[in-house]
Amino acid sequence: MNKKAILEIKGVNKSFKDEFALSDINLKIYSGDVHVIMGENGSGKSLLMKIISGFFTVDSGEILYNGAVINHPTVNKAIKSGIYYQHQDLPVFENLSAAENIYFDYRISTKKMLKTWNALENISECTKLFKKLNINLSPIKNMSHYGFAERQLLFAAKAFISDAKVIIFDEPTAGMSEVERNIFFDILALIRQKAEVILYISHRLDEITTVGDVLSVMEHGKLISTNDIRNANKQDIIRLITGKQDIHQFPKISIKPNSECVLSVKNMTSGSILKDISFNLHKQEILGITGLMGSGRTRLANCLFGIKQSDGGTILVSGKKQRFAHPLDALLAGISLIPEDRHTNGIFYPLNMRNNMTLPNLKRFLNNSILDDNILRQVVNDYVKKLGITPDDSDNGIQFFSGGNQQKILLARWFMKRSLIYIMDEPTRGIDIASKIDIYNSMNNLIVKGASVILISSDIDEIIGMCDRILILADGRITAELLQKEATKEKIYSLAINE
Amino acid sequence: MFAAERKRIIIKYLLENNKAEVVKISEMLNVSEVTIRRDFEKLENEGFLIRTHGGAILHDPSEKTYTKEPAVKAAEDEENNEIAETAMALVKENDVIMITSGDISRLLAKKLSAKNGLTILTNDLIVALNASAGGQNRVICLGGEIDQDNVSVTGTITLRNMQKYHVNRVFIEVDGISEKLELSVSSQQKAELIESAIESADHATLLCHYTLFGTKAFMKLGSVTMVNSFITNPILSDKYKAAIYDKNVVLYTSINAFEGNV
C-alpha cells in the first residue's frame, strides 16, 4: 500500500534556556493512521505537539504539511490550515455555556453581514450534535459546572465539528471513567472517518492497542522508536516502551538496611483517589514511589504533608501517631516536602535567593528576638558552597537562577530545616544533568546523615537507580513492592499499568 | 551563662573531641545557635579553631606542613575530608578493598579504622598504619622498594605482589585531569601501579579534589572511562559534571549540606 505522508517532521530541535529540549526529531505521519505517542512525563511529547500546532517555533529543522514547509506558523495559521490541538489542560471560557465554548470558533450568525451570535440556533445545533455523539450533557450549562473528563468530551465534540485534517489529542482520557471513555472512543471513531490523521498522546496501554495504528516512543526529548502496532499485543508494546535500556548509572549509596521504622502509614484513604495505602519507611532508606499520571502519587505526598487531609487510616512518625491538619503539623513532626511544581508551590518569586532559602528557618537565626543577619548570611553562604549553587551571590533575585539551581535552593531551604523525613516529588523533572547529579548526591547525604527519603518520580530509570525499595501505585492502590535488585523497567511498567 | 564560661566549656569540648557541632553545643549549654556561632567566630579569630559547615574543628598548630595560606589549607582539608566521607559510605561490611597513595586516601584510611571486618590492601605505609589503627580490620601492606618522598612502596616487586590479589573495589588518586577528561600522574611507577590496581579490582573509584580538573601531570594514564566512578566536590563546574555523565562514569559529589535531624 502506498501511503501519503501528511505530516513530516525533519530534524527538529528545540530548547528552553537550559531546560529540557527536543533533539533531532524525525517522524513521518501517514494518512489514515491513528499515531500514538508515548513516553514518560517530561519526555517532550506535548512540546512536539505544540510545535506542530504553532504554539512554539522550532530552533532548527522543518515541519512539512502536505509536502509544504510550515515552519513558524501562528496558532491561528495552524488552525486555518486544518490542525486541531486538544490541550491536556483545556483553555475553556468558564463563564460561557458548553454550546458557546464548542461553537466559539465556528459561530452561527443571525445575519451574514453583522455576524451576531445566534444563540438559539447555536443551542439547537449543539443539542443535535450531542445526540449524534451520544454526549449526555446540557449544552446551556456553564463550563464551570463541568469537570476535567466532561470538558475533554465537550472538546472532542469541538474537534468533531472543526473539520480539521490533523487532530491532536493530549491525554484526553486521563481522568475519565469507563463510561466516559467509551463515549470518547465512539466520537474518536467518527472523527477518524473525517480527519486524515489523528495524533494521540496516552499513558494507557489498553487504549493504545484498541485505537492505535502506529506507536512512537519518546524519551528525554528524543524519539526512540516508531513501530506499526496493528497486530501487536500488550506484551509487545511493553517491550517497545521499555525497549531501550538506559545505560547511565546513578550515584547510589546504600546504607545497610535498618529495621527502625521512621514512618508507618496504615490503611490511608483520601477521597476517591487513594485507597487503602499501607507502607513503612525505614531509617536511612530511599523509598521510591512510582505510577502513571493520575495514579495518586502527588495526592499521597500531599496527604503525608498535611496539604490534603486523609479521610481514614493512621500515620505514625517514629512510632508516634500523628494527624496532619496543616503542613505545619507535618513540619513539626519532622517531615519536609519538596513539591512537584516548584514554580507555584515552592518559590517566592519576589524574594531574593537568601530569603527564599531561609524563610521557614528564621527561628534559627533569632538572637534575643532580633534576626541576626550576619549569621544568616554566613549559613546561607555555607549552603550555597556545599550544594554548588551558581551564581553564588545570595542577593540575586530567585528568577535569575536556572531551573536546576532553583531546585537546589529549595533543597537547601528544607535541608536547613533539619527534618527526619524528606518527601521529594519529581525533584529532577526538567532540569539540567549537572543539577540532577547534585540532587541525587544530596539524597545520599541525607541518608548517610540519618534521614530518610521518599522519592516520587515518573522517571523509572531514576527510581531504579536511586531507590532501595520501590512501591508501585496504580489507580490509588499500592499494587506491588520491589527491591532495587529485582526491579526492571519492564516489570515496573507492567505493574503500573495493572491490567 | 557568661561568655567566658561558655568559651571555657567549648575549648574543653574541642580539646576532647577535636570537633564540635553548633547544634550539639547549643543544646548542651541551652543557648541559641546564633550565640554559639558567635563564640566560634571569636575563637576562630583567636586561631583556636576553624569553622566548618554546622560546626568547628580544632585548629592544630602542630601541622606545620602547609605552605599555603592557612585559610585555603583549611578549606582544602575540609573538602578532602568530605570526599573521604563519601568514599567511606561506599565501603560495605566485609569488603576487600585496595587503597593507593594520596592525601585523600590517607584520610579515608583513618576513617576506615573505625569500621570492622574489612580487608584493606595498600602500597602506602601511612594508609597501612591509619587503616590498622583500630585493630578491627585486616590490613595487608604490599612489598617493594621504599619511596621516601611518598612514604610508600613501588617498583616491579610491588606490581608482582599486587597481581596475586583480587579486590572488590580500589580507590585511586591521580595528579591531573585534563579538559578532555584524560587522567595523568607524576611518574611512570605510579602509572603502572594504578593500571595494575584497576585490573585487579571489580570496581575502581577515583578520588579527586575539584581543583585537579583542567590540570595535566607528566605521565598520561588514559581516559576517565578506565574508572567506574568518581568522587569529587560538588563545587565542580556543571560543564565537567555533564561531561563525566556523558562518558557514563558514575559521579558522586561529596555533598555535605545536611546537618542532621534535630
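In the predicted model, Arg418(A) touches Glu259(B), Gly260(B), Asn261(B) and Val262(B), leaving aside residues up to four places away in sequence. Arg418(A) is situated in the loop that joins helix H14 (403-416) to strand E19 (421-425) of chain A. With 19 other C-beta atoms within 10 Å, Arg418(A) is classed as partly exposed, because burial requires 20 or more such atoms. The C-alpha atom of Arg418(A) is separated by 63 Å from that of Leu120(A), and the two residues are 298 residues apart along the chain.

Two packed helices are described by the angle between their axes and the distance between the axes. For helix H15 (residues 433-448) of chain A and helix H9 (residues 238-246) of chain B, the axes come within 8 Å and cross at roughly 85 degrees. H15(A) is therefore roughly perpendicular to H9(B). On the side of H15(A), the residues that meet H9(B) are Ile433(A), Ala434(A) and Ile437(A); their counterparts in H9(B) are Asp238(B), Lys241(B), Ala242(B) and Tyr245(B).

Chain B itself comprises 9 helices and 15 strands. Its C-alpha atoms occupy a box of roughly 65 × 45 × 35 Å along the principal axes. Among contacts in chain B with a separation of 6 or more, 55% are made by residues 24 or more positions apart.

Within chain A, helix H4 covers residues 119-133. Asn122(A), Cys126(A), Phe130(A) and Leu133(A) are the buried residues of H4(A). Viewed down the helix axis, these buried residues fall within an arc of 70 degrees, so they line one face of H4(A). The elements covering them include helix H3 (98-102), helix H5 (148-162) and helix H6 (178-194) of chain A. Leu120(A), Lys128(A), Lys131(A) and Lys132(A), by contrast, are exposed on the other side of H4(A). Following H4(A) is Asn134(A), which has a positive phi near 65 degrees.

Definitions and conventions:
Residues are numbered from 1 along each chain as its sequence is written. Chains are lettered from A and ligands numbered from 1 in the order in which they are written. This is a predicted model: local features need pLDDT of at least 70, side-chain atom pairs count only at pLDDT 80 or more; totals for chains, interfaces and linings use all residues. Helices (H or I, at least four residues) and strands (E, at least two) are DSSP runs, numbered from the N terminus. The expected span of a helix is 1.5 Å times one less than its number of residues. A residue is buried if 20 or more other C-beta atoms lie within 10 Å of its own, exposed if 12 or fewer, and partly exposed in between; C-beta atoms are placed from the backbone. The arc is that of the directions from the helix axis to the C-beta atoms. Two residues are in contact if their C-beta atoms, placed from the backbone, lie within 7 Å. Axes are lines fitted to C-alpha atoms, for helices over the stretch in contact, and angles run from 0 to 180 degrees between N-to-C directions. Angles under 35 degrees count as roughly parallel, over 145 as roughly antiparallel, 65 to 115 as roughly perpendicular and the rest as oblique.
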